[in-house]
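Morning, everyone. Please bring the structure up on your screens, and then we'll go through it.

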Amino acid sequence: MNLNKKQLVALGLVAGFSMLGTSAFAGVLPLPGNLKKAPYLTYPGVPTQMQIQWQDTVSQSDTIVWGTDTTYSLGSATVPNQGAVPQNSSIGTPAAWTALAAAQASNNQHFYTITGLTPNTTYYYQVSDANGVVYGTGSFMTAPPVGQTHVKFMAAGDSRSQPTALAAEMQELSHIYSGATAIDPEYQRLLLLNGDWVSTDANANWTSEYFTNDSDIVNFSANTPMNGAKGNHDNTSGYSKWFGMYESFPYMNYNFVANSTSSTDKTAGGTQVPELNNLFGSFDYGPVHFTFVDEYSTFTPGSAQYNWIAADLAAAAANPNTPWKILVLHESPYSAGADSDNTTARNLDTLVAQYGVDMEYSGHSHNYARAGVYNTTPAGTTIAPGVPYITSGAGGAPLYAVDLTNAGSYPHVLTAASTYEVMTFDVNGNTLTATAYAVSPVSTSTYPATPTTTTRTMIEQTVLHHFSVNATPQVAVSTDNLVYSRATKTFSCNLTVTNNGAPLTGNVDVVFDGMMNLQGIGSTFAGPAYTGTTVVGTIPPTVAPIIAKNTGLITNVMLNNATGSHNGEPLLNVSTTGLATGASVTVPLTFSAPANFNVAGFNPATAKINFNPLTYQE
Amino acid sequence: MNFLKIKLLVIAAFIFAASSAFASMSTTYDVTVNTSSIAGDNGYLYLQYLSTGSAVASTATVSTFDSDAVLGAQDTIDVSFGNTTGTLPGSVAFASAGSDYNHAVTTFGNSLSFLVTLTSTTGANKPSAVSTFSVGVFGDAYGTTPLLNVNDPNVAGTVAMINLNNDGTTSATLDASTSAAPTPIPGALYLLGSGLMGLVGMRRKKQN
């Protein structure tokens, strides 16, 4: 089939040069030539490489060219039917990679890894067939070099089942790095996914849900590599078939289980698709180490995967180039529902605490939620204190309600919102900023008849700090009398920090731990009643007055003059010039109560504000 | 004493008086609250004098209270610090920026008014330190149910906030129901000084 000039121009525009991520029209693109699935990207785990893949309807050789601009003058290659290859020979089992590559080639798939690239560089590429018909164009930004201390990337999860919703999500993701509402072009680098890419691990589902050739999906996929974990919907009795075929990550420890026997699991060339398990692996991305867990291959303590995760996290903890560690697994051990928490995943809590994992990033429940505890692990649990457990599972699949009661099945919820969402991560030296955004409008049925442009609204922002010194044991912190102003509805007092230990230098911060008096240090979350079907978290996420279990007093007040936050708790910079031994610094504090402040019988004249001051040197 | 010396003395006296006023400055506001929208209701009139940060020592005094409301009793229980002397409709003195006063109102009328005088000793300019005299009208003793200025949750119930800065300057934030104008004391002093000098000059001329 030959395309006319108009169709070729349209394909070139929407399949995308790097900065033309904005698409105001969502619709299915015509497929040129013998193209079956348009080019899409996967980061192979090496900063100087990028993996591009696509699929044809017949066996043929195509051409890929690339360069630092659209003259594509850096390199070219002829790409026959061929499959993905492992990052190195020690990754996975040879049988798995051999079977996979053979099946992918038989399926008219093409995988090509461009090598010799420069980190932190934007490249452009084009795929065409032997007749010169352009199958797709795109761009990508290579990974940061080893040792770089800053990086930005995006994240989402549970894209399954509703391709129109996925299209809206991907349109908005492209808006994050390009167009009128772009935050930073660097976000084009990478999209992290946490599982449930499609509703069933079948070829037909991958085609109809993911590779619909929708312009928003094609455009985004051609310009941002997508790497992630496997979900339960990408799983069949402990292994994956088509997930491995279409999303081959060269750093995964694939193990060959068997050749599938179903007649529907054959490639275009008639080969049975291999069944693989052990879809776990890791890679470094600038200062961040990602560890991907396969919850559908055994990972209980003592298993091969558990031991691998422990060794992987230990190595990351010892690596000065990866101070930030994120554990990516589909089913969270601590969510806000409505799917059940994965209690087996709680076996990883001790590793998380032991090796200083900064965050667990999950999906499975189709909403946004942040769960966690502060200071101490509550008796009878193993949850790692001070670690946010993020659920980011509203990337296209049907939405779930959230449970904010902090009772029963979901006892550690901090914030939650039932909305389609995406996330951004901004890592800069000793600070990581994770921002969740609600996306709208999101169509879940047929394609819109008229052009639609998506927008985003911030749900919340969670900032994590790596402090150089925990000065809490060596300082004395006190406050004078708290006074309440009925005029401004604020509480005021002065905070004094006295250093009784070694000199502190530079920025000294106080984190007001326990301001929300969360589960784990004795609280009852008096949130809205959960009916099981009707509660929908709001944006900003719902946070109701939190009554201290031990005192009966409201504790979730806000520190008005906070200079920042740490893991959701207020942070106040008390000194920029350190604090000598024996020296003190006094700073004013102003607190305001939340809008829903009126509790029957509450007398502000006798109110108390409880918090646990944690002092750090940055 | 020749005319020049008298003139200098008057000038010096004026400068001294002006300097003293500047070093221990008083500013008086004439406050009027329109309560016609809540006429017939009961509630509380709450007065607060509070400082934040490192404001220098200052006092506030409420005087010449006038209203068609029916006052109840002073509430000395539901206050944060008290630290006042006197009771309405008489003068009420706020001993420091850390005082509050709560008075029950049996029936609000159409208006209430009073003078409030803020007196401070100036120090180094500390722009972040402010003492604030505020006026609130609430339906309950705790100040959680606003009767006026009900739409802004951050200052609900508060109808006036008069700020006294460490350099002696003042400013006011008012609800639509309330007016608060400073009385023109510095201008009067100039008039007095000029008048005195004129009298001395006339007397000297007469003597000559």
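How far apart do the C-alpha centres of domain 1 of chain A and domain 2 of chain A lie? They lie 41 Å apart. One caution before going on: this is a predicted model.

Now the bounds. In the domain assignment of chain A, domain 1 runs over 5-465. Domain 2 comes in two pieces, 471-515 and 557-617.

Next, the contact between them. Domain 1 of chain A puts in 9 residues, and domain 2 of chain A puts in 8 residues. Look at the domain 1 side. Its largest share, 4 residues, comes from strand S22 of chain A, residues 455-465. By class, that side of domain 1 has 5 nonpolar and 4 polar residues, and no charged ones.

Staying in chain A, go to helix H5, residues 215-223. Here 9 of the 9 residues are buried, so the helix is largely enclosed by the rest of the structure. The buried residues of H5(A) include Ile217(A), Val218(A) and Phe220(A). Asp216(A) is on that list too, and so are Asn219(A) and Asn223(A).

Over to chain B. Find Gly43(B), in strand S2, residues 43-52. Is Gly43(B) buried or exposed? Buried, because it has 25 C-beta neighbours inside 10 Å, and the cut-off for buried is 20 or more.

What does Gly43(B) touch, leaving out residues up to four places away in sequence? Val105(B), Phe108(B), Val137(B), Phe138(B), Gly139(B) and Leu147(B). Take Val105(B) from that list. Gly43(B) and Val105(B) are 62 residues apart along the chain, yet their C-alpha atoms are separated by 5.2 Å.

That's my tour. Over to you.

Definitions and conventions
Residues are numbered from 1 along each chain as its sequence is written. Chains are lettered from A and ligands numbered from 1 in the order in which they are written. This is a predicted model: local features need pLDDT of at least 70, side-chain atom pairs count only at pLDDT 80 or more; totals for chains, interfaces and linings use all residues. Helices (H or I, at least four residues) and strands (E, at least two) are DSSP runs, numbered from the N terminus. A residue is buried if 20 or more other C-beta atoms lie within 10 Å of its own, exposed if 12 or fewer, and partly exposed in between; C-beta atoms are placed from the backbone. Two residues are in contact if their C-beta atoms, placed from the backbone, lie within 7 Å. Domain bounds come from an automatic or database domain assignment. Ala, Val, Leu, Ile, Met, Phe, Trp, Tyr, Cys and Pro count as nonpolar, Asp, Glu, Lys and Arg as charged, and the others, Gly among them, as polar.
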